[in-house]
Amino acid sequence: LVVAIVFGRALARRPLPAHIEDDSVHDIMRGRLIVVLSLAGLVGLSFFSSLNAMSYETNALIPRIVRFWLTVALVWYTFHGSVLAYWLTISLFGLGIAVVIPTLVLALSEGNASVAAPLLLVVMVFFLSIMTIAFLPSGRAFIRLQQTERRKILVTKLRIVKKIRQGCTEV
């Protein structure tokens, strides 16, 4: 939870661009908060599973730590508007839900609450994260804003590189 809060605060500090219309600022700010909380939940869940691996299996420690840092990178790039990271996030966590649900159903049918509770938490965090970045209007508005800003930055960089290659000194 602490990792999720710290990570969420770090992401929430980024200022919004100046060209946004006043009526949509509220939706985008609300979307930013929701997206930050849901993505921070993913990072927190990944951190918790990494800590859990350290307490039980020492041979699974390195893969869990690598998976944690890959999750952090995926969430970071999703927040900053990478379209590829956005679709990877939706696909991978959707696949995670599809993989966990049969195990959850089996654990519930056997009455094994100690296995079912963490699995239910995983399904809920994955589902809520996908819903906030893909289907919630304010969350989707924020993600679209981030993707638009990222495209503008890339186009500007391409123009600068093109001018440099043509031999112009002015940018």
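Helices (H or I, at least four residues) and strands (E, at least two) are taken as DSSP runs, numbered from the N terminus. The expected span of a helix is 1.5 Å times one less than its number of residues. The structure is a predicted model, in which local features need pLDDT of at least 70 and side-chain atom pairs count only at pLDDT 80 or more, while totals for chains, interfaces and linings use all residues. Residues are numbered from 1 along each chain as its sequence is written, and side-chain values use heavy atoms, with hydrogens and water left out.

The chain holds 6 helices and 0 strands. Its pattern along the sequence is α-α-α-α-α-α. Of its 171 residues, 36% are buried, that is, under 20% relative accessible area with a 1.4 Å probe and protein chains only (exposed is over 50%, partly exposed in between). Contact means heavy atoms within 4.5 Å. Among contacts with a separation of 6 or more, 67% join residues 24 or more positions apart.

Helix α5 covers residues 113-134. Its 22 residues reach 31 Å from first C-alpha to last, close to the expected 32 Å. Buried residues of α5 include Ala-116, Leu-119, Val-122, Val-123 and Phe-126. An α-helix has 3.6 residues a turn, so residues three or four places apart point the same way. Helix α6 covers residues 137-166. Its 30 residues reach 43 Å, close to the expected 44 Å. Among its buried residues are Arg-140, Phe-142, Ile-143 and Glu-149. Just after α6, Gly-167 takes a positive phi of about 95 degrees.

Thr-132 lies in helix α5. Thr-132 counts as buried because its relative accessibility is 12%. Its side chain reaches the backbone oxygen of Ser-129 at 2.9 Å. This is a polar contact (a pair of N or O atoms within 3.5 Å; within protein, one must be able to donate a hydrogen and the other to accept it, and residues adjacent in sequence count only if both atoms are side-chain atoms). Leaving aside neighbours within four places in sequence, Thr-132 is in contact with Ile-34, Val-35, Ser-38, Gly-139 and Arg-140.

Thr-78 lies in helix α3. Thr-78 is buried, with a relative accessible area of 0%. Its side chain reaches the backbone oxygen of Leu-74 at 2.7 Å. A polar atom of the Thr-78 side chain also lies 3.2 Å from the backbone oxygen of Ala-85. Beyond four places in sequence, the contacts of Thr-78 include Leu-39, Tyr-86, Ile-133 and Ile-143.

The largest pocket has a volume of about 670 Å³. A pocket is an open set of points on a 1 Å grid over the protein atoms alone, where a 1.4 Å probe fits, with protein on both sides within 12 Å along at least five of seven lines; lining residues have an atom within 4 Å of a point. Grid points are joined across faces, edges and corners, and the volume is the space filled by probe spheres set on the points. The largest pocket is lined by 22 residues, with Leu-45, Ser-49, Arg-67, Val-122 and Phe-126 nearest its centre. Helices α2 (22-56), α3 (61-79), α4 (83-110) and α5 each give two or more residues to this lining.
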